[in-house]
Amino acid sequence: MTEILVPDVNLNSVCERLEHCCMGQQQTPAIKRHTNTGAKLWGRVRSKLLRQKLDPQTVQSKNWHMDVIEMNGIKVEFSMKFTSRDLSLKRTPSKKQSGVFGVKISVVTKRERSKVPYIVRQCIEEVEKRGIDEVGIYRISGVATDIQALKAAFDTNTKDILVMLSDMDINAIAGTLKLYFRELPEPLLTDRLYPAFMEGIALSDPAAKENCMMHLLRSLPDPNLITFLSLLEHLKRVAEKEPVNKMSLHNLGTVFGPTLLRPSESEISKAHITTASDIWSHDVMAQVQVLLYYLQHPPISFAELKRNTLYFSTDV
C-alpha cells in the first residue's frame, strides 16, 4: 500500500491553476466551485504520478520519499511512503461505541435498522453510478487523505456525506469501501467459519464442494450474509465491464478475497501464526479462490438459501 501526502493548504489552488491551464483561452461564465475541486483534479492525475515515481528503491524503503512534480510550470511537492502488507491487512477492533469503522457489522445494521450498512450501500451506488467504467476500479488506490476524510464523515454521520461522495474521486470511494471491510473486527465471512471455508474450497468433488460452500453461506449471520450477497452482485456487475475497466472476476477476487476472509488478530494468535506475512503466504490463494468460487457461481438468493436451511444442519 502506498500513502501519498500533499500539503492540503496548496492543493486546491494548485489544481485550480492546472485546470485553468488546461482550459486555455476558453471564455466560461463564473461558476461556484466546490471546495473539493482540488482533490478531484488531483485524483485524475494521481495514477500518472504514481507510475512515474514508484520505482523499486522507493517501494523497498520504509522512509518517506520527498519529491516534486512540475506540471505546466507549476510545482507540486509531495511525500510518499510504502506501507507493508503486514500493517495494511491488520484488523484492529474499535473501542468506540459509535461510528461504523472497526465496529461489528451486526451492531451497525441494528443501529441503522438496515439489512446492509449504509456505508456499503452508498459506496456501491456511487461506484456503479460513475466508476464502473473506470480502468482499475478497486485495484488502483485512492488518495489516502481523501479516504480518511470519507472515513471520518461516515463515522460521524456527517449530513453532507452525499455531497462529499458525489464530489470525491471515485478511487477514494472504492478505497473507503475496501477499508471498511478490512477494518471490521472480524472478517465478513467470520472467524468461526474460516477453517471450514479453507477446507471446502480444497474439495475436489464438484458436488461436495457445492454443498459445502452453500452450507457455509447459510451458516453466516444474516447481516453478514445479506451484505456479502449485495457486494457479490455488485462485483459481478463491475466484472461485466471488464473490456472497459480491465477488472475481471479473478482480479476482483484477488483484491477482495483477503479483505473479506483474513482472520482477526486474536484468531491468528490462537493458530500460533506470528506475522501477517505467514497468513498471507499460506492462505491468500485459498482466500482468493473462495471469493472467486462465489463470483463465478450463478446468482445466489438469500431467500433460497434460507429455505434450504430446513434441510441442513447449521453446525459446521
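Colleague: How many helices and strands does the chain have?
Modeller: This is a predicted model. Its chain holds both kinds of element, counted as 17 helices and three strands.

Colleague: What percentage of the residues of the chain count as buried?
Modeller: Buried means under 20% relative accessible area. The chain has 316 residues. The share of them that count as buried is 47%.

Colleague: What share of the contacts with a separation of 6 or more comes from residues 24 or more positions apart?
Modeller: Take the contacts in the chain with a separation of 6 or more. Residues 24 or more positions apart account for a share of 75%.

Colleague: How far does helix 6 reach from its first C-alpha to its last?
Modeller: Helix 6 spans residues 118-130, which is 13 residues. At 1.5 Å a residue, 18 Å is expected. The model comes close to that, at 19 Å.

Colleague: Which residues in helix 6 are buried, and which helices are included in what covers them?
Modeller: The buried residues in helix 6 are I119, V120, Q122, C123, I124, E126 and V127. Their cover includes helix 7 (144-155), helix 8 (161-167), helix 9 (170-182) and helix 12 (222-239).

Colleague: How many residues of helix 9 are buried?
Modeller: Helix 9 has 13 residues and reaches 18 Å, close to the 18 Å expected. It is largely enclosed by the rest of the structure, because the buried count is 13 of the 13 residues.

Colleague: Are helix 9 and helix 14 roughly parallel or roughly antiparallel to each other?
Modeller: Two packed helices are described by the angle between their axes and the distance between the axes. For helix 9 and helix 14, the axes are 8 Å apart and the angle is about 30°. Angles under 35 degrees count as roughly parallel. The two helices are therefore roughly parallel.

Colleague: Which residues in helix 9 and helix 14 meet, and how many of them are nonpolar?
Modeller: K178, F181 and R182 in helix 9 meet V255, F256, T259 and L260 in helix 14. By class, this contact has one polar and two charged residues. The nonpolar residues number four.

Colleague: Where is M168, and is it buried or exposed?
Modeller: M168 sits in the loop between helix 8 and helix 9. Its C-alpha is separated by 10.0 Å from that of A149, 19 residues apart along the chain. The relative accessibility of M168 is 3%, so M168 counts as buried.

Colleague: Where is S264, and which residue does its side chain contact?
Modeller: S264 is placed in the loop between helix 14 (249-261) and helix 15 (265-270). With a relative accessible area of 4%, S264 is buried. Its side chain makes a polar contact, at 2.6 Å, with the side chain of D191.

Colleague: N157 has a positive phi; is N157 buried or exposed?
Modeller: N157 is not a glycine, yet its phi is about 55°. It lies in the loop between helix 7 and helix 8. The relative accessible area of N157 is 61%, so N157 is exposed.

Colleague: T190 also has a positive phi. Is T190 buried or exposed?
Modeller: T190 is a residue other than glycine, with phi near 75°. Its place is the loop between helix 9 and helix 10 (194-201). At 7% relative accessibility, T190 counts as buried.

How values were computed. Residues are numbered from 1 along each chain as its sequence is written. This is a predicted model: local features need pLDDT of at least 70, side-chain atom pairs count only at pLDDT 80 or more; totals for chains, interfaces and linings use all residues. Side-chain values use heavy atoms; hydrogens and water are left out. Helices (H or I, at least four residues) and strands (E, at least two) are DSSP runs, numbered from the N terminus. The expected span of a helix is 1.5 Å times one less than its number of residues. Buried means under 20% relative accessible area, exposed over 50%, partly exposed in between (1.4 Å probe, protein chains only). Contact means heavy atoms within 4.5 Å. A polar contact is a pair of N or O atoms within 3.5 Å; within protein, one must be able to donate a hydrogen and the other to accept it, and residues adjacent in sequence count only if both atoms are side-chain atoms. Axes are lines fitted to C-alpha atoms, for helices over the stretch in contact, and angles run from 0 to 180 degrees between N-to-C directions. Angles under 35 degrees count as roughly parallel, over 145 as roughly antiparallel, 65 to 115 as roughly perpendicular and the rest as oblique. Ala, Val, Leu, Ile, Met, Phe, Trp, Tyr, Cys and Pro count as nonpolar, Asp, Glu, Lys and Arg as charged, and the others, Gly among them, as polar.
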